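Have a look at the sequence and the structure first, then try each task before reading its solution.

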Amino acid sequence: YTLKKIAQIDFDALGAAFNQLFIEVTGYERHRIIKLGVTRTISWTYVDENRITIAKQACLKPSMFFDHLVHEFRHWIQKNHFKIRDWPVEKTHEEYFNSKLEVDARKFEQITRAVEQLYNAIIEMKRIIKDKELWYYEQ
């Protein structure tokens, strides 16, 4: 994505899709409100308790953006839901690539297309509601 296209992302719809993903993965019955935004950095990505920061090169095209966001969301779940605090320090790219947490995050990417489809379905639902003026009731 270019910066202009990232600005066109409906972050409310994106948050709703990831909120549903969180509920499905964690089994929580109640909704956890997830607010998403994207902060672009030059060349790295990180996750903390309240933020997922996406590297600039991960925003070059929509599929890459969703792949990267789902992967980093899994790291966010690892830290904030599974409460993994002792992250291993890998000395080589191979150690990093083969680490248990990284393998888990790559496996989680299998859900990416479904998350993207859910996002698009939410966008379409919002469009229909607006176009057909279904958001109000005339008495």
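The exercises below concern a predicted model.

**Exercise 1.** Describe the fold of the protein chain in terms of its helices and strands.

Solution. Start with the count: the chain has 6 helices and 3 strands. Next, read the order from the N terminus, which is α-α-β-β-β-α-α-α-α. Finally, look at how the chain packs: among contacts with a separation of 6 or more, 56% join residues 24 or more positions apart. Of the 139 residues, 34% are buried.

**Exercise 2.** Find the residues with the most contacts inside the largest nonpolar core, and the element that gives this core its largest share.

Solution. The core has 20 residues, and Leu 14, Phe 18, Leu 69, Phe 73 and Tyr 119 have the most contacts inside it. Now turn to the elements: α2 (11–26), β3 (52–55), α3 (62–80) and α6 (112–131) each give two or more residues. The largest share, 7 residues, comes from α3. As background, nonpolar side chains tend to be buried together in soluble globular proteins.

**Exercise 3.** Does Glu 102 sit in a buried or an exposed position, and what is the nearest side chain of opposite charge?

Solution. First, locate Glu 102 in helix α5, which spans residues 100–108. Glu 102 is buried, and the nearest side chain of opposite charge is Arg 106, 4.4 Å away. A salt bridge needs a distance within 4 Å, so Glu 102 has none with Arg 106. Then check for a polar partner: the side chains of Glu 102 and His 75 make a polar contact of 3.0 Å. Beyond its neighbours within four places in sequence, Glu 102 also touches His 71, Tyr 96 and Phe 97, among others.

Key. Residues are numbered from 1 along each chain as its sequence is written. This is a predicted model: local features need pLDDT of at least 70, side-chain atom pairs count only at pLDDT 80 or more; totals for chains, interfaces and linings use all residues. Side-chain values use heavy atoms; hydrogens and water are left out. Helices (H or I, at least four residues) and strands (E, at least two) are DSSP runs, numbered from the N terminus. Buried means under 20% relative accessible area, exposed over 50%, partly exposed in between (1.4 Å probe, protein chains only). Lys and Arg count as positive and Asp and Glu as negative; His and the chain ends are not counted. A polar contact is a pair of N or O atoms within 3.5 Å; within protein, one must be able to donate a hydrogen and the other to accept it, and residues adjacent in sequence count only if both atoms are side-chain atoms. Contact means heavy atoms within 4.5 Å. A nonpolar core is a set of buried Ala, Val, Leu, Ile, Met, Phe, Trp, Tyr and Cys residues joined through side-chain atoms within 4.5 Å.
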